[in-house]
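Please view the sequence and the model together while reading.

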Amino acid sequence: MFDRFDAEVAEPARRAQVLCAHVARLAKQLRKGADFVDIHLLRQKAAEAVVRGTEAAAALELLNAGVRGLSLAAGQDASATGVEDWSTSYGAEFERACAALGVPLEGAYPDYRVFPFEVHLRPREERVLIGRKSWWALRPDAVAKAVKRERDRLMGGSFAADRFGLALTRVFDLLIQEVRARSGPGAQQVALRDVLAVLQLPTFGRASYTKDEFAFDIYRYRQTSMVVGGRRVTFGDLRNAGAGFEVPNARGGRDRLTGLQVADVEGGSG
(Lines give C-alpha, C1' and ligand atoms only; values in the text may rest on other atoms or scores of the structure.)
Protein backbone atom coordinates (compact mmCIF):
# COMPACT_ATOMS: atom_id res chain seq x y z
CA MET A 1 0.00 0.00 0.00
CA PHE A 2 2.84 2.37 0.88
CA ASP A 3 5.31 0.85 -1.58
CA ARG A 4 6.57 4.12 -2.99
CA PHE A 5 6.73 5.72 0.45
CA ASP A 6 8.72 2.78 1.78
CA ALA A 7 11.15 2.95 -1.16
CA GLU A 8 11.67 6.72 -1.11
CA VAL A 9 11.41 7.46 2.60
CA ALA A 10 11.33 4.41 4.88
CA GLU A 11 14.30 2.59 3.35
CA PRO A 12 16.53 5.72 3.23
CA ALA A 13 15.52 6.40 6.85
CA ARG A 14 16.62 2.92 7.89
CA ARG A 15 19.95 3.27 6.03
CA ALA A 16 20.56 6.72 7.55
CA GLN A 17 19.87 5.31 11.01
CA VAL A 18 22.47 2.56 10.56
CA LEU A 19 25.11 4.94 9.19
CA CYS A 20 24.47 7.60 11.84
CA ALA A 21 24.72 4.96 14.56
CA HIS A 22 28.10 3.93 13.17
CA VAL A 23 29.27 7.56 13.17
CA ALA A 24 28.05 7.95 16.74
CA ARG A 25 30.09 4.93 17.83
CA LEU A 26 33.20 6.34 16.12
CA ALA A 27 32.62 9.74 17.73
CA LYS A 28 32.44 8.05 21.13
CA GLN A 29 35.76 6.33 20.47
CA LEU A 30 37.31 9.63 19.36
CA ARG A 31 36.09 11.30 22.53
CA LYS A 32 37.66 8.49 24.55
CA GLY A 33 40.92 8.88 22.66
CA ALA A 34 40.92 12.61 23.31
CA ASP A 35 40.14 12.17 27.02
CA PHE A 36 43.02 9.70 27.44
CA VAL A 37 45.36 11.35 24.92
CA ASP A 38 45.44 8.12 22.91
CA ILE A 39 47.06 9.41 19.72
CA HIS A 40 47.10 5.98 18.11
CA LEU A 41 43.30 5.60 18.54
CA LEU A 42 42.65 9.13 17.30
CA ARG A 43 44.68 8.64 14.11
CA GLN A 44 43.04 5.26 13.51
CA LYS A 45 39.42 6.38 13.95
CA ALA A 46 39.42 10.00 12.74
CA ALA A 47 39.84 9.16 9.06
CA GLU A 48 37.20 6.42 9.27
CA ALA A 49 34.81 8.84 10.98
CA VAL A 50 35.20 11.30 8.09
CA VAL A 51 34.33 8.60 5.54
CA ARG A 52 31.38 7.27 7.52
CA GLY A 53 30.20 10.80 8.26
CA THR A 54 30.19 11.61 4.55
CA GLU A 55 28.17 8.47 3.84
CA ALA A 56 25.72 9.35 6.62
CA ALA A 57 25.37 12.91 5.31
CA ALA A 58 24.61 11.60 1.83
CA ALA A 59 21.99 9.21 3.23
CA LEU A 60 20.38 12.01 5.21
CA GLU A 61 20.29 14.25 2.14
CA LEU A 62 18.57 11.49 0.16
CA LEU A 63 16.06 11.08 2.98
CA ASN A 64 15.51 14.84 3.14
CA ALA A 65 14.82 14.94 -0.61
CA GLY A 66 12.25 12.18 -0.24
CA VAL A 67 10.54 13.95 2.64
CA ARG A 68 10.48 17.31 0.81
CA GLY A 69 8.73 15.72 -2.15
CA LEU A 70 6.29 13.75 -0.02
CA SER A 71 2.58 14.58 -0.16
CA LEU A 72 -0.54 12.64 0.68
CA ALA A 73 -2.79 15.55 -0.27
CA ALA A 74 -3.42 14.00 -3.68
CA GLY A 75 -5.64 11.52 -1.88
CA GLN A 76 -6.60 8.99 -4.50
CA ASP A 77 -3.87 9.88 -7.00
CA ALA A 78 -1.81 6.69 -6.90
CA SER A 79 0.71 8.07 -9.40
CA ALA A 80 1.55 10.97 -7.08
CA THR A 81 1.71 9.08 -3.79
CA GLY A 82 2.21 5.42 -4.57
CA VAL A 83 -0.95 4.78 -2.56
CA GLU A 84 -4.08 3.18 -3.95
CA ASP A 85 -7.60 4.51 -3.52
CA TRP A 86 -7.79 5.45 0.19
CA SER A 87 -11.41 4.31 0.53
CA THR A 88 -10.69 0.74 -0.57
CA SER A 89 -7.11 0.26 0.54
CA TYR A 90 -6.32 2.43 3.55
CA GLY A 91 -9.69 1.83 5.23
CA ALA A 92 -9.49 -1.91 4.60
CA GLU A 93 -5.99 -2.12 6.08
CA PHE A 94 -7.12 -0.21 9.18
CA GLU A 95 -10.17 -2.43 9.60
CA ARG A 96 -8.08 -5.59 9.31
CA ALA A 97 -5.59 -4.26 11.85
CA CYS A 98 -8.39 -3.47 14.32
CA ALA A 99 -9.92 -6.92 13.84
CA ALA A 100 -6.55 -8.56 14.53
CA LEU A 101 -6.28 -6.59 17.79
CA GLY A 102 -9.85 -7.40 18.85
CA VAL A 103 -10.98 -3.77 18.61
CA PRO A 104 -14.75 -3.55 17.95
CA LEU A 105 -15.10 -1.16 15.04
CA GLU A 106 -18.23 0.45 13.63
CA GLY A 107 -18.69 2.61 10.55
CA ALA A 108 -16.87 2.85 7.24
CA TYR A 109 -13.94 4.75 5.83
CA PRO A 110 -13.13 7.47 6.72
CA ASP A 111 -15.31 7.77 9.87
CA TYR A 112 -15.51 5.06 12.52
CA ARG A 113 -16.66 4.61 16.08
CA VAL A 114 -14.94 2.61 18.79
CA PHE A 115 -17.06 3.05 21.91
CA PRO A 116 -16.75 5.41 23.68
CA PHE A 117 -15.06 7.62 21.07
CA GLU A 118 -14.90 8.28 17.35
CA VAL A 119 -12.02 7.70 14.96
CA HIS A 120 -11.68 9.85 11.84
CA LEU A 121 -9.05 8.91 9.28
CA ARG A 122 -7.82 12.04 7.51
CA PRO A 123 -4.82 10.99 5.39
CA ARG A 124 -5.17 14.03 3.14
CA GLU A 125 -4.59 16.14 6.25
CA GLU A 126 -1.77 13.77 7.26
CA ARG A 127 -3.42 12.97 10.60
CA VAL A 128 -5.97 10.79 12.36
CA LEU A 129 -8.43 11.95 15.01
CA ILE A 130 -8.84 9.54 17.92
CA GLY A 131 -11.51 10.99 20.15
CA ARG A 132 -10.45 14.60 20.68
CA LYS A 133 -6.76 13.94 20.03
CA SER A 134 -4.80 14.21 16.81
CA TRP A 135 -2.55 11.29 15.93
CA TRP A 136 0.12 11.88 13.31
CA ALA A 137 1.35 8.36 12.55
CA LEU A 138 -0.58 7.14 9.50
CA ARG A 139 0.40 3.52 8.94
CA PRO A 140 -2.84 1.55 9.50
CA ASP A 141 -1.47 -0.94 12.03
CA ALA A 142 0.05 1.93 14.05
CA VAL A 143 -3.29 3.74 14.06
CA ALA A 144 -5.10 0.57 15.16
CA LYS A 145 -2.65 0.11 18.04
CA ALA A 146 -3.17 3.73 19.11
CA VAL A 147 -6.94 3.21 19.03
CA LYS A 148 -6.62 0.08 21.16
CA ARG A 149 -4.42 1.87 23.68
CA GLU A 150 -6.95 4.69 24.02
CA ARG A 151 -9.85 2.27 24.41
CA ASP A 152 -7.95 0.20 26.99
CA ARG A 153 -7.01 3.37 28.87
CA LEU A 154 -10.62 4.52 29.08
CA MET A 155 -12.04 1.11 29.92
CA GLY A 156 -9.46 0.58 32.63
CA GLY A 157 -9.75 4.06 34.13
CA SER A 158 -11.27 4.86 37.49
CA PHE A 159 -14.95 5.79 37.73
CA ALA A 160 -16.64 7.67 40.55
CA ALA A 161 -19.90 5.71 40.36
CA ASP A 162 -21.35 7.10 43.60
CA ARG A 163 -20.71 10.66 42.50
CA PHE A 164 -22.24 10.06 39.08
CA GLY A 165 -25.31 8.38 40.57
CA LEU A 166 -25.81 11.25 43.01
CA ALA A 167 -25.55 13.75 40.17
CA LEU A 168 -28.19 11.84 38.20
CA THR A 169 -30.65 11.82 41.09
CA ARG A 170 -30.19 15.53 41.74
CA VAL A 171 -30.72 16.42 38.10
CA PHE A 172 -33.73 14.10 37.95
CA ASP A 173 -35.33 15.78 40.97
CA LEU A 174 -34.84 19.14 39.30
CA LEU A 175 -36.17 18.19 35.88
CA ILE A 176 -39.09 15.97 36.93
CA GLN A 177 -40.84 18.97 38.46
CA GLU A 178 -40.80 20.73 35.10
CA VAL A 179 -41.91 17.58 33.27
CA ARG A 180 -44.84 17.01 35.64
CA ALA A 181 -45.88 20.65 35.44
CA ARG A 182 -45.97 20.29 31.67
CA SER A 183 -47.23 16.69 31.19
CA GLY A 184 -49.06 15.87 34.41
CA PRO A 185 -48.23 14.37 37.81
CA GLY A 186 -48.01 10.85 36.42
CA ALA A 187 -44.79 11.51 34.49
CA GLN A 188 -41.98 9.27 35.71
CA GLN A 189 -39.08 9.96 33.35
CA VAL A 190 -36.96 12.86 32.16
CA ALA A 191 -35.08 13.05 28.88
CA LEU A 192 -31.43 12.07 29.03
CA ARG A 193 -30.58 14.86 26.60
CA ASP A 194 -31.92 17.32 29.18
CA VAL A 195 -29.89 15.62 31.91
CA LEU A 196 -26.73 16.09 29.85
CA ALA A 197 -27.61 19.75 29.24
CA VAL A 198 -27.81 20.34 33.01
CA LEU A 199 -24.55 18.51 33.63
CA GLN A 200 -22.89 20.79 31.06
CA LEU A 201 -24.04 23.95 32.85
CA PRO A 202 -20.86 24.37 34.94
CA THR A 203 -19.04 24.98 31.64
CA PHE A 204 -21.68 27.53 30.55
CA GLY A 205 -23.32 25.06 28.22
CA ARG A 206 -20.18 24.25 26.28
CA ALA A 207 -19.71 20.60 25.44
CA SER A 208 -16.64 20.10 27.64
CA TYR A 209 -18.57 17.11 28.97
CA THR A 210 -19.46 15.48 25.69
CA LYS A 211 -22.25 13.20 24.59
CA ASP A 212 -19.75 10.35 24.18
CA GLU A 213 -18.40 10.86 27.69
CA PHE A 214 -21.92 10.89 29.12
CA ALA A 215 -22.76 7.65 27.27
CA PHE A 216 -19.56 6.07 28.58
CA ASP A 217 -20.42 7.06 32.16
CA ILE A 218 -23.88 5.53 31.71
CA TYR A 219 -22.26 2.35 30.38
CA ARG A 220 -20.04 2.06 33.45
CA TYR A 221 -22.81 3.04 35.85
CA ARG A 222 -25.07 0.29 34.54
CA GLN A 223 -22.49 -2.21 35.79
CA THR A 224 -23.12 -1.10 39.39
CA SER A 225 -26.16 -1.55 41.65
CA MET A 226 -27.51 1.86 40.50
CA VAL A 227 -28.95 2.53 43.96
CA VAL A 228 -28.52 5.95 45.57
CA GLY A 229 -29.77 6.56 49.10
CA GLY A 230 -32.58 4.00 48.89
CA ARG A 231 -33.58 5.03 45.35
CA ARG A 232 -32.94 3.07 42.18
CA VAL A 233 -31.76 4.72 38.99
CA THR A 234 -32.99 3.24 35.71
CA PHE A 235 -32.51 4.17 32.06
CA GLY A 236 -35.16 3.48 29.48
CA ASP A 237 -37.06 4.54 26.41
CA LEU A 238 -38.87 7.88 26.50
CA ARG A 239 -40.96 8.98 23.54
CA ASN A 240 -40.14 12.26 21.81
CA ALA A 241 -36.84 12.52 23.68
CA GLY A 242 -34.52 12.69 20.70
CA ALA A 243 -32.02 10.21 19.33
CA GLY A 244 -30.79 9.24 22.76
CA PHE A 245 -27.52 7.54 23.61
CA GLU A 246 -26.27 4.20 22.31
CA VAL A 247 -24.76 2.18 25.14
CA PRO A 248 -23.35 -1.38 24.97
CA ASN A 249 -25.22 -3.99 26.99
CA ALA A 250 -24.24 -7.27 28.65
CA ARG A 251 -25.57 -9.28 25.68
CA GLY A 252 -23.00 -7.86 23.30
CA GLY A 253 -25.48 -5.54 21.64
CA ARG A 254 -26.44 -1.93 22.18
CA ASP A 255 -29.33 -0.20 23.88
CA ARG A 256 -30.58 3.18 22.73
CA LEU A 257 -31.45 5.01 25.94
CA THR A 258 -33.48 8.19 25.98
CA GLY A 259 -35.00 8.48 29.47
CA LEU A 260 -33.98 8.55 33.12
CA GLN A 261 -36.14 7.46 36.07
CA VAL A 262 -35.37 7.50 39.77
CA ALA A 263 -37.75 5.64 42.10
CA ASP A 264 -37.75 4.22 45.62
CA VAL A 265 -36.22 0.76 45.78
CA GLU A 266 -39.46 -0.46 47.38
CA GLY A 267 -41.32 0.64 44.24
CA GLY A 268 -42.48 4.08 45.33
CA SER A 269 -42.60 7.09 43.02
CA GLY A 270 -39.44 9.09 42.35
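Helices here are DSSP runs of type H or I with at least four residues, numbered from the N terminus. On that basis, Ala197 belongs to helix H7, residues 192–199. The model is predicted.

**Helix H2**
- H2 runs over residues 39–68, which is 30 residues.
- From first C-alpha to last, H2 spans 42 Å, close to the 44 Å expected at 1.5 Å a residue.
- A kink of about 25 degrees in H2 is centred on Lys45.
- Lys45 is also one of the buried residues of H2, together with Leu41, Ala49, Ala56, Ala59, Leu63 and Gly66.
- An α-helix has 3.6 residues a turn, so residues three or four places apart point the same way.
- Helix H1 (3–36) is included in what covers the buried residues of H2.

**H6 against H8**
- Helix H6 covers residues 161–183 and helix H8 covers residues 211–221; their axes come within 10 Å and cross at roughly 110 degrees.
- H6 is therefore roughly perpendicular to H8, because angles of 65 to 115 degrees are put in that class.
- The crossing of H6 and H8 is left-handed.
- On the H6 side the contact involves Ala161, Phe164, Gly165 and Leu168; on the H8 side it involves Phe214, Asp217, Ile218 and Tyr221.

**H7 against H8**
- The axes of H7 and H8 come within 11 Å, again with a crossing angle of roughly 110 degrees.
- H7 is thus roughly perpendicular to H8.
- H7 and H8 cross in the right-handed sense.
- Leu192, Val195, Leu196 and Leu199 of H7 meet Lys211, Phe214 and Ile218 of H8.
- Phe214 and Ile218 are listed among the H8 residues that meet H6, and both are also among those that meet H7.

**Asp217 in H8**
- Asp217 lies in H8 and has 12% relative accessibility, so Asp217 counts as buried, the cut-off being under 20%.
- Apart from neighbours within four places in sequence, Asp217 contacts Phe159, Phe164 and Tyr209.
- Phe164 is one of the H6 residues that meet H8.

- Ala197 counts as partly exposed because its relative accessibility is 38%, which falls between the 20% and 50% limits.
- Ala197 and Gly186 are 11 residues apart along the chain, and their C-alpha atoms are separated by 23 Å.

Definitions and conventions. Residues are numbered from 1 along each chain as its sequence is written. This is a predicted model: local features need pLDDT of at least 70, side-chain atom pairs count only at pLDDT 80 or more; totals for chains, interfaces and linings use all residues. Side-chain values use heavy atoms; hydrogens and water are left out. Helices (H or I, at least four residues) and strands (E, at least two) are DSSP runs, numbered from the N terminus. The expected span of a helix is 1.5 Å times one less than its number of residues. The bend at a residue is the angle between axes fitted to the seven residues ending there and the seven starting there. Buried means under 20% relative accessible area, exposed over 50%, partly exposed in between (1.4 Å probe, protein chains only). Contact means heavy atoms within 4.5 Å. Axes are lines fitted to C-alpha atoms, for helices over the stretch in contact, and angles run from 0 to 180 degrees between N-to-C directions. Angles under 35 degrees count as roughly parallel, over 145 as roughly antiparallel, 65 to 115 as roughly perpendicular and the rest as oblique. A crossing is left-handed if the near helix is turned anticlockwise from the far one by less than a right angle, and right-handed if clockwise.
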